[in-house]
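Subject: The structure, and notes on its packing

Hi,

Here is the structure to open alongside this email. My notes on how its pieces pack follow below.

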Amino acid sequence: MLDLKKINELLDFIEIKDLSELKQFPQPSKIYISNNCFFIISSSDGLSNYNNIISELYFNKKEISETIDKEDFIKEFDKTLLNLKTNNTKFSQKKIDNFYKYFFNIPLEEFTIAKEIYGIILNNLEAPYELGPFTIYFLELYKKLLSQENKIFELEDDIFFRGWQGSFVVTVQVKARSINKAKELAFELFYKFELFIYFTLNDYNQKHFISIVSKLPYPYDNCLILGSKNKSGNFSRVILEAIPLDDPYFKDSSIGNNNLWKLLENKSYNSLEKRIISSIEWIGKANSEINIINRFLFYIIALESVLTIQEQSLVNPSVASTICEGAAFILGSSLEDRIQIENLVKNLYKTRSALAHGKDKDINSEELLIAAAISENIIHRLLSDQKLLQLKSPSELSNYLK
């Protein structure tokens, strides 16, 4: 429930000024300009209050925060604040309702967002290829289809594609009440797409690179080193391979890759699916990271994301033991297998503990490979095993393993 008293207290921090005074106020200050005047919030308490109220109002209505860009929301709120302060009035519940009504009156629209995608190939360039909510096109095919659908894209010189350097395009559809929000939602999905691809590749040796929206570091750039005495060159250590995105592997049901993309099609998730998505994203980050210590820690976080039962639990010895046993029972098919897997994960946690306590610890390639294999295979098992697919929450997973 919104606290009207708290919201109205914000008006006490607002000063109305003439535009001629604008240059007198240093940052940080909240300034909103309208017509021939502006308001300013310059005190630290006022700024803190303002930011808290904005977040409270914005996230109070899920239909708003999921369809309206926050900056657009703030602009309308600032306009309302200035109007109230100018007229010496305050917020009432009716005014709050009318404020929200303004956004609800903006129709919900479906947008298609297209972005270049680098690092992939398609064996069939004559047809679109779908992965979950995403559609991938050869650029020339996409241009052709667009021109068939809309005459505006028949303009000469490819005016809409000037500056595009890649050969492939990926699109996704989102629903929003503003263009800015549509772009934000699409870019979030594109980033998840990248992480999901890195997960499916199991690309321990980092031979692939995929990019849509992220600025992930490119590890194999050529460079020339010129010193006062010595000259040296650092050239690509590995030839990066384009990803054959329409290979059947990316939808292989035997390891759950078919169910992987269904996670991104869903609009609501149960608590176990949320954990699985979080774990996939951490593995995707690990598979695209250069720093070996970060890669190792990301794989461990992926394990914790899906195998920690209590939401707020710190990773103490008891929780670590639960994670070790959980990995053993999900992946092992015999007593010997499970004992071996449990010991492997315990050793990973010894390394994790050393890193967490600031001890000097080198991560060797074997440790990194074990961490990657265990975290990735747990997800594959959760997405392919028919019994595990029926589970809806971490507690149900825990009970099943017991």
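Which residues does Phe-193 touch, not counting residues up to four places away in sequence? They are Ile-117, Leu-131, Phe-134, Ile-136, Ile-210, Ile-212, Leu-245 and Trp-261, where contact means heavy atoms within 4.5 Å.

A word on the source before the rest. This is a predicted model, in which local features need pLDDT of at least 70 and side-chain atom pairs count only at pLDDT 80 or more, while totals for chains, interfaces and linings use all residues. Residues are numbered from 1 along each chain as its sequence is written, and side-chain values use heavy atoms, with hydrogens and water left out.

**The cores**

Phe-193, Ile-197 and Leu-245 touch the most other members of the largest nonpolar core, which has 74 residues. (A nonpolar core is a set of buried Ala, Val, Leu, Ile, Met, Phe, Trp, Tyr and Cys residues joined through side-chain atoms within 4.5 Å; buried means under 20% relative accessible area, exposed over 50%, partly exposed in between, with a 1.4 Å probe and protein chains only.) Helix H7 (residues 179–201) gives the most to this core, 11 residues. (Helices, H or I with at least four residues, and strands, E with at least two, are DSSP runs numbered from the N terminus.) A second, separate core has 26 residues, among them Leu-47, Leu-57, Phe-73 and Tyr-100.

**Helix against helix**

H7 also meets helix H9 (residues 271–287): their axes come within 7 Å and cross at roughly 75°. (Axes are lines fitted to C-alpha atoms, for helices over the stretch in contact, and angles run from 0 to 180 degrees between N-to-C directions.) H7 and H9 are therefore roughly perpendicular to each other, a label for angles of 65 to 115 degrees; under 35 counts as roughly parallel, over 145 as roughly antiparallel and the rest as oblique. Tyr-191 and Phe-199 of H7 are among the residues making the contact, as are Ile-277 and Lys-285 of H9.

Helix H10 (residues 292–307) and helix H12 (residues 335–356) pack at about 120°, with axes 11 Å apart, and are therefore oblique to each other.

**Two buried spots**

In helix H6 (residues 139–149), the buried residues are Leu-139, Leu-141, Tyr-142, Lys-143, Leu-146 and Ser-147. Their cover includes strands E4 (109–116), E7 (134–138) and E8 (168–176).

Asn-259 lies in helix H8 (residues 257–265) and counts as buried because its relative accessibility is 17%. Beyond its neighbours within four places in sequence, Asn-259 is in contact with Leu-383 and Leu-389.

Best wishes
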